[in-house]
Amino acid sequence: MDAERKKESRMYKIRTINEISKEGLKLLPPNFFASPEEPNPDAILVRSADLHDFDFTENIRFIGRAGAGVNNIPVARCSEKGIVVSKAPGANANGVKELALCALLLASRNIVGGIDWVRGCEEIDLPKAVESNKKRFAGPELAGKTLGVIGLGATGRLVAKAAIDLGMDVFGYDPYLSVENALHLDSRVSVVNFSRTLFKNCDYISLHLPLTEENKHFVGAELLSVAKPGLRLINIARGGLVDHAALKAYIDSDIVAAYVVDFPDAETLALPNTVNIPHLGASTPESEENSVRLVVRQLVDYLNNGNIKNSVNFPDSDMGVCKSAWRITVNHRNIPNMIGQITTVLAEEGINIANLLNRHKNGWAYTMIDVDSPVDETMRDRLWAIDGVVRVRFMK
């Protein structure tokens, strides 16, 4: 809190964790200094490093996850400290889409099994051995088959369109389908209201959901029990979406013909008819650069202007560049009379409000106020003393 009680500095220190794209870091303005060694940063840029045991100092205000998931970040703890956690949705969508298309082929044609057989083949007359054994690795074509895409966000939409272009019939399901995603969805995708519909009718299922407590083991015995025999399941989203014990039972009973997963573990390595990919979905230079570029822009806008975009814990809020004397931002719980308490403090301090924005999300809220009068530490102390307030910033 002591660091936050000082007047906001226009020099910002950024700690980079993991290898962060240098091209993306070039977007940082001159008053932002990035280093993997920074001991007391204003913000953190991270890819996949686990931050659950990380010691967040009071000075940290923002964490930018250069990727789509935030499982490696203790979001609840960050919220309690008033740290905005943002991600880069869609930045790696094309890279993940391409791997999903590869996974569809791997699930169909037993390409991996064929390659492994050739590597281990000791036949003197290899061409002859190939001709007599290739039927062991035969599999169906994608064209004319039915694909179910679960999750119609940036990646799911791209997978659906690409599959249609390959000649597949595509059905989609998304329990969180937003108006924006619906508007950008290819009109040739048949959207259904129940995931069971996909499992009953589709030859292939591709998962593109986030991993949440609600979605853990999304694919389990209930859905697999109605699956079309010969189902090929693709999971380039998150490992925890599939119940491995249930999946094994349905692989053993020949209901599931193949499983391709980008999140291998000891259980998936022991599963039959399974292709384990070492988390390559976003492992392209383009995806890494796009992700860093996006979160760097969000980081700069938040530290300079207080604007929030693509946050997982605080609501998206944007008042542009402050044209008043000062901008006040307050991260707080979404509880009754919070705005009243904040504006009462300003009124009692003789502060005129030029503009105000309040948004809330999942129990937390964010209030932005542009004022025409100077602010001081007494007012900051009073705002911070309001029950439920977890961070107060003054920006000029």
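Buried means under 20% relative accessible area, exposed means over 50%, and partly exposed lies in between, with a 1.4 Å probe and protein chains only. Helices (H or I, at least four residues) and strands (E, at least two) are DSSP runs numbered from the N terminus. The model is predicted, so local features need pLDDT of at least 70 and side-chain atom pairs count only at pLDDT 80 or more, while totals for chains, interfaces and linings use all residues. Residues are numbered from 1 along each chain as its sequence is written, and side-chain values use heavy atoms, leaving out hydrogens and water.

**Exercise 1. Check the span of helix α4 and describe its burial.**

Step 1: the expected span is 1.5 Å times one less than the number of residues.

Step 2: look at the cover. In α4, 12 of the 17 residues are buried, including Ala93, Val96, Lys97, Leu101 and Ser108.

Step 3: go just past the helix. There asparagine 110 has a positive phi of about 50 degrees.

**Exercise 2. Classify the ring pair of phenylalanine 54 and phenylalanine 56, then that of tryptophan 117 and phenylalanine 137.**

Step 1: recall the rule. Rings of Phe, Tyr and Trp (its six-membered ring) pair if their centres lie within 6.5 Å; planes under 30 degrees apart count as stacked, over 60 as edge-to-face and the rest as tilted.

Step 2: for phenylalanine 54 and phenylalanine 56, the centres are 5.2 Å apart and the planes stand at 45 degrees, so the pair is tilted. Both of these phenylalanines are buried.

Step 3: tryptophan 117 and phenylalanine 137 also make a tilted pair, with 6.1 Å between centres and 45 degrees between planes. Tryptophan 117 sits in α5 (111-120) and phenylalanine 137 in the loop between α6 (126-133) and β6 (146-150), so the pair ties together parts 20 residues apart in sequence. Both tryptophan 117 and phenylalanine 137 are buried.

**Exercise 3. Find which residues touch the most other members of the largest nonpolar core.**

Step 1: a nonpolar core is a set of buried Ala, Val, Leu, Ile, Met, Phe, Trp, Tyr and Cys residues joined through side-chain atoms within 4.5 Å.

Step 2: of the 29 residues in the largest core, Ile150, Phe199, Ile205 and Leu247 touch the most other members. Elements giving two or more residues to this core include α9 (195-201), β9 (204-207) and α11 (244-252).

Step 3: a second, separate core has 28 residues, among them Val96, Val149, Ala163 and Val260.

**Exercise 4. Describe the surroundings of asparagine 307.**

Step 1: Asparagine 307 is in the loop between α13 (285-305) and β13 (326-333), and at 3% relative accessibility it counts as buried.

Step 2: look for polar contacts (N or O atoms within 3.5 Å; within protein, one must be able to donate a hydrogen and the other to accept it, and residues adjacent in sequence count only if both atoms are side-chain atoms). The side chain of asparagine 307 makes one with the side chain of aspartate 301 at 3.1 Å, and one of 3.4 Å joins the side chains of asparagine 307 and aspartate 318.

Step 3: widen the view to contacts (heavy atoms within 4.5 Å). Leaving aside neighbours within four places in sequence, those of asparagine 307 include Gln298, Tyr302, Arg327 and Met368.
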